[in-house]
Amino acid sequence: MAQNVSITLQNTDEGRAIAAAILSDNPAATVASMPSLTKIDCPGRLEIRRDSVETQLGRDYDLQELQLSLISLAGNVDEDDERIVIAWKN
Amino acid sequence: MAVAAIGPYEFQPKDRLENFHGNQVVYLHWEDHLMFCAPVAFPLPPAMPFAAFHDQIVPAAYAQHPDFVSIDWTQAEWKLDGAPFTPDPAKGLKEQGIGHKSVLVLRTPGLTGINGSHA
Amino acid sequence: MTTLLKEPKAKKLGLKERYAHLTRGLGWETTYQPMSKVFPFADYEGIKIHDWDAWEDPFRLTMDAYWKYQAEKERKLYAVIDSFAQNNGQMNITDARYINAIKIFLTGVSPLEYMAHRGYAQVGRHFVGAGPRVACQMQAIDELRHAQTQIHTISHYNKFFDGLHDSRHMHDRVWYLSVPKSFFDDAASAGPFEFLTAISFSFEYVLTNLLFVPFMSGAAFNGDMATVTFGFSAQSDESRHMTLGLEIIKFMLEQDEGNVPIVQKWIDKWFWRGYRLLTIVAMMMDYMLPKRVMSWAEAWEMYFEEAGGALFKDLARYGIREPKYADVARKEKGRLSHEAWCTFYNYTHAAAFHTWVPKEEELAWLSEKYPDTFDKLYRPRFEYWQKQQEAGKRFYNNSLPQLCTVCQVPMLFTEPDDPTKICFRRAEHKGETYHFCSDGCCDIFKDEPEKYIQSWLPVHQIFQGNCGGATIPDVLAWYHLNNGVDNLDYQGSPDQQLWDAWMKDRGKAGG
């Protein structure tokens, strides 16, 4: 079984929109809510897509803005202009 | 192994005997009484007779425990640095092998702490 | 015929190209001096790097984006700090006992942020490749920001509560603070590759989630808006630092097969060093949050056993295995916080924060979260201490504890397979005896005894006459700790009196 990758976001307006975008693009993702934060786990691989975040936010979004909402992550990260991928290789 | 270093790497131990102004460090622990969270440490004269250690240091450390008054000292078991040990009350600490940074562990059979919780 | 020659419009560079421009071609082979003199720390640890350009920063954060988003984080944080102060946020926390966790944070953690700033600035100078140098320099700036924002935020509590007045001084002197101090000094006195393995990988990637995620969530749950905000503001940088930690490990492992055993040895060492340091976080989570989010054992399962398990499975392709003694940590998870809290209960007369016996409902929560250990091993002593306190005989341990030579924590840990027996380990080196709390600390000593024979062990330093005098009040004065104010039980403390007065006034304010 693929090991979980994970991302944890702040419970802010932007954080909620990013979480919603991740959940719509990654059907296998599961959510855990704690006071002030949301932890999303997903087996093997998880993708954050710029266009999906823009749809949720209703404005242009630069993926580097993720820096403002991020609390933690687990997995290897690869970022370009369109998406951020968090994945385990095994 | 040696420390990987950019030059010679040799230092004096910070806790060597001569730094303690004539005392040596002795550690004491009472098994099954973890209300005292860890073994305790004392700077003591190496010539201190074990009787003085027994009569002054041990009660200062442990008399607060409700089991303390119930100790049958004729049954008490000691270990010195991990090996069974029979103290000689008249002899000094160093003379009977209790050296700098030695550990003395006391076990009092039948006493297992508050409500038998080893505390 | 005239031709209108129009310059083709420059295509905007993609993130990968922009990042490549930032981090490539900045370095050069030196000619006035040999490279080995310009970068004197690059080789001596035995790590072989063949191609520094193979380094990839996964976030590819460019300098313009870095300044833009860091400035935005600062604006948000300082707006919250102002708002917190203007709205008397200190009165909206659940209970003033909670502030004692913040006292530990300010004296134990914030000075490490500053040390991290220095450490990354140093490594940023000494790495040969431009990519990792840029990443380390950004992190050095982040760490300085963390130290500053934590001090600014917590300074508001210093207006009301005790024990927060001289954190930097205390960090260098107070006995339990030698644990975090010596941890970081150990890392900072190593070479650049070991430093990054220690701090970026073992500490930031593998372990700090346990401090910053569930504990900060707990701060939110307890109404501490100020701490949550600096916590998450720092943690957003931390995610970037975590990726640096994983990247440096992979980089070393991919560059040369000979690096694998060296990296594994460092992972083993720094996992254990970091885990021992987190003992105090275990106790903060289980005992110092009046409203609790999750237990230490649950956090350990989520953030080490599950997340760490996935990580080490991923690294297995390089020949890296789970850190040595992770099994011991697993066995200790049901007792760590209790053993630690009991230790501070023993010695709170020499600490810059208060301790207490948990309330009835808190004991019930501990019993529920730790069904195998709490009622059998720990509840009886709390009930006894409670009775003693009610009889006016609050228990304090009158003797100083034996300390572990490596982690410097009092020898409070029990045998991995027997929670009723103290774990004693020892080693001889050049005719001297040294004591340790665990096989983990004993192994670390045996690998580099020359380093740890220099340990500044607070108890021995008091005995040697280096800490202001021979009595507890002398030592407390040398610590800059106000005896009778900052220390002792929470019951009867000035903090408690202040809080109770606020709560009483709150009832009256309705009229």
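Guide: Happy to. Between chain A and chain C about 3300 Å² of area is buried, with carbon and sulfur atoms giving 56% of that; buried area here is the accessible area (1.4 Å probe) that two parts lose on being put together, summed over both. Gln64(A), Gln67(A) and Leu68(A) supply 20% of what chain A buries against chain C, more than any other three residues. Before going on, a word on the ground rules: this is a predicted model, in which local features need pLDDT of at least 70, side-chain atom pairs count only at pLDDT 80 or more, and totals for chains, interfaces and linings use all residues. Residues are numbered from 1 along each chain as its sequence is written, chains are lettered from A and ligands numbered from 1 in the order in which they are written, and side-chain values use heavy atoms, with hydrogens and water left out.

Counting contacts (heavy atoms within 4.5 Å), 31 residues of chain A touch 42 residues of chain C. The rule finds two salt bridges across this interface, a salt bridge being a side-chain nitrogen of Lys or Arg within 4 Å of a carboxyl oxygen of Asp or Glu. One of them joins Arg18(C) to Asp81(A), whose closest N and O atoms are 3.1 Å apart.

Which elements of chain A carry its side of the interface? Strands S1 (4-10), S3 (37-43), S5 (70-74) and S6 (76-79) of chain A each supply at least two residues, where helices (H or I, at least four residues) and strands (E, at least two) are DSSP runs, numbered from the N terminus. S5(A) gives the largest share, five residues. By class, this side of chain A has eleven nonpolar, eleven polar and nine charged residues; Ala, Val, Leu, Ile, Met, Phe, Trp, Tyr, Cys and Pro count as nonpolar, Asp, Glu, Lys and Arg as charged, and the others, Gly among them, as polar.

On a 1 Å grid over the protein atoms alone, a cavity is a set of points where a 1.4 Å probe fits but cannot get out, and lining residues have an atom within 4 Å of a point. Grid points are joined across faces, edges and corners, and a volume is the space filled by probe spheres set on the points. The second largest cavity holds about 100 Å³, and of its 13 lining residues the closest to its centre are Ser6(A), Lys39(A), Ala74(A), Tyr303(C) and Ala307(C). S1, S3 and S5 of chain A, together with helix H14 (296-315) of chain C, each give two or more residues to this lining. H14(C) makes the largest contribution, four residues. The lining divides into five nonpolar, five polar and three charged residues.

Finally, chain A does not touch chain B, their nearest C-alpha atoms being 31 Å apart.

How values were computed: 1 Å grid on protein atoms, 1.4 Å probe; cavity = no way out; pocket = protein on both sides within 12 Å on 5 of 7 lines; lining within 4 Å.
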